[in-house]
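Q: I have not looked at this one before. Can you take me through it?

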Amino acid sequence: MADNPAPITRRDFLNGVPIAVGGAVAAGLSPECIAAAFGAEPAPQDAPGYYPPALTGLRGSHPGAYEAAHRLRDGDFWSQAGNLKSTDETYDLVVVGGGISGLAAAHFYRAQHQDARILILDNHDDFGGHAKRNEFSLNGRVELINGGTLLIDSPRPYSAVADGLLKRLGIDPVALTAKCSHSDFYPSLGLRRSIFLDRETFGADKLIAVPQGASWAQLLADAPLSPEVRSDIVRIQEAAIDYMPGLTSAEKKTGLAAMSYRDYLLNVVKADPGVIPFYQARTHGEWGVGIDAVSALDVWAFKFPGFDGLKLEPGSAPHTGYTANGYADNGGSYTFHFPDGNASIARLLVRDLIPDSVPGNSAEDVVTARIDYARLDRAKSPVRIRLGSTVVRARNVGDPASSSGVEIAYFRDGDVQTVSARACVLACWNMMIPYLCPELPAKQKEALRYLVKTPLIYANVALRWASPRSMRRAATFHRSRSMRSSISATTKARARPTSRCWSAWCARRASPGCRSATRTGPGSTISSTPRSRPSSATSATSWRASWDRAASMRRAV
């Protein structure tokens, strides 16, 4: 080894991970061996100290949660499964999937059948599905941040059923926002929005602070952009020009629905092609793809720049996406962000189903409650939650037309085990259902494959001092960085933080270009558009890969 070896950058390390995994597969190592190399199998949930929220590393599809499903997909699971082992357990209902949908299904079923015995199976080491949380113990404090879905938010007002469920759980988003949210927290510290241009795309690293009231011409004066690109960005951001004269609002919307935002900027606005990198990734957070793959009409509904002069009438239009149409019609639902995102909703549902597993009695105290996982799967409990259990088959017993029950097979601790039930709800990933129920009609299988997920790679990081160098390293992999909204669980009291927490995330693997950030002072940056942050948050570094739904599904409860 050389005396002064070149440092391994974070980008090189992360780029090397898939190479290492690919090499291991090529060498004939099993998925189980690969999983063991990256982290131990999930511990039994009844073991002392079992507490998944405090784990770090890959916390989305973590090792142990996906290997059996991949073998099922690849067609070689059953040839290696061995003999099925019956648990001799019978339930009124088995729910496949312990996310908010699955927990809610159990809640509503029990409301109609109060004496029902219910089993909820989930392949992960924690319940909640996409609604996970990360806990960090630092300097004697427990710090929280969302480990998945961010907040209560829907393109349209919630239905009476969904709203009623929130209320029954004690969640009043409007009242909680008034009591617990501190929207003035970061401005009170002198923090403000910034824009970061990276050298890979623009030729030089440039952090552009955004003072209140500054014009775009002022902001871009020293940016590493050509005069033509700066001029066109100013025009897109500030000018009210009708780029589609002579057309009615309905005709303009029809035209916008038929073109991407990229094509709108290039072919209708006639912007210099150099503006595209400035806007290319702006749609990643909501849609998971760039502006070349999202219609101009959809981004208009989200108030993207360049449409003011068109004088489009408010409201939805044909050929617009469901999410965009909802926000265009009424601005969406009420919103609220718990310190751990929607994980608190999942916790409240578990408290409703298995009361003694989650201490407390309100939507506020559930945030800091420590769950007793050993109480989730007890033999005498009418509702049980069994973690680390990947369902591999769900089928009717006998002829479906006259069947009196269902058999569910799941992979856990190296064995394929079975349970019986009167009914089964598949509240799991839609892509898995055709493999769990291969006898489904072809048309139904095709429909189940329509909803495609986009990988979102998050890193929750706390920095006691955010130097330009540290932010530069983070920017090489992540698309944007976001301060966490200041939320207190029970009080409006504020404490000036001694350190800062930011979350970097991207909708696709690192994409060079314009990033937004929040400036903390001369020469240091922390994050981007405020989305969610625990009060006075501090934490060590936690990487997690979170496979998230498309935005309309991701942001809804």
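Q: How much of the protein counts as buried?
A: This is a predicted model. Of its 557 residues, 51% count as buried.

Q: And what about the accessible surface?
A: The accessible surface comes to about 25200 Å², and 55% of that belongs to carbon and sulfur atoms.

Q: How many helices and strands are there?
A: The protein has 22 helices and 18 strands.

Q: Let's pick a residue. Where does Arg 133 lie?
A: Arg 133 lies in strand β3, which covers residues 133–138.

Q: Why does Arg 133 count as buried?
A: Its relative accessibility is 6%, and buried means under 20%.

Q: What does the side chain of Arg 133 reach?
A: The side chain of Arg 133 makes a polar contact of 2.7 Å with the side chain of Asp 340. It also reaches the backbone oxygen of Val 367, at 2.8 Å. Leaving aside neighbours within four places in sequence, Arg 133 is in contact with several residues, including Tyr 51, Pro 53, Leu 144 and Arg 347.

Q: Switching to helix α6. Which of its residues are buried?
A: In α6, residues 160–168, the buried ones are Gly 164, Leu 165 and Leu 166. The buried residues of α6 pack against α5 (100–112) and α18 (343–353).

Q: What comes just after α6?
A: Gly 170, which takes a positive phi of about 90°.

Q: How many salt bridges are in the whole structure?
A: A search finds 25. One of them joins Asp 163 and Lys 167, with the closest N and O atoms 2.7 Å apart. Asp 163 and Lys 167 are both in α6, four residues apart, or about one turn of the helix.

Q: What does Arg 351 pair with?
A: Arg 351 forms a salt bridge with Asp 365, the closest N and O atoms being 2.9 Å apart. Arg 351 is in helix α18, and Asp 365 is in the loop between α18 and β7 (383–386), 14 residues apart. At 10% relative accessibility Arg 351 counts as buried, whereas Asp 365 counts as partly exposed at 23%.

Q: And Asp 356, what is its partner?
A: Asp 356 forms a salt bridge with Arg 375, with the closest N and O atoms 3.2 Å apart. Both lie in the loop between α18 and β7, so the pair ties together parts 19 residues apart in sequence.

Methods. Residues are numbered from 1 along each chain as its sequence is written. This is a predicted model: local features need pLDDT of at least 70, side-chain atom pairs count only at pLDDT 80 or more; totals for chains, interfaces and linings use all residues. Side-chain values use heavy atoms; hydrogens and water are left out. Helices (H or I, at least four residues) and strands (E, at least two) are DSSP runs, numbered from the N terminus. Buried means under 20% relative accessible area, exposed over 50%, partly exposed in between (1.4 Å probe, protein chains only). A polar contact is a pair of N or O atoms within 3.5 Å; within protein, one must be able to donate a hydrogen and the other to accept it, and residues adjacent in sequence count only if both atoms are side-chain atoms. Contact means heavy atoms within 4.5 Å. Accessible areas come from the Shrake-Rupley method with a 1.4 Å probe; for residues, only the protein chains shown count as cover. A salt bridge is a side-chain nitrogen of Lys or Arg within 4 Å of a carboxyl oxygen of Asp or Glu.
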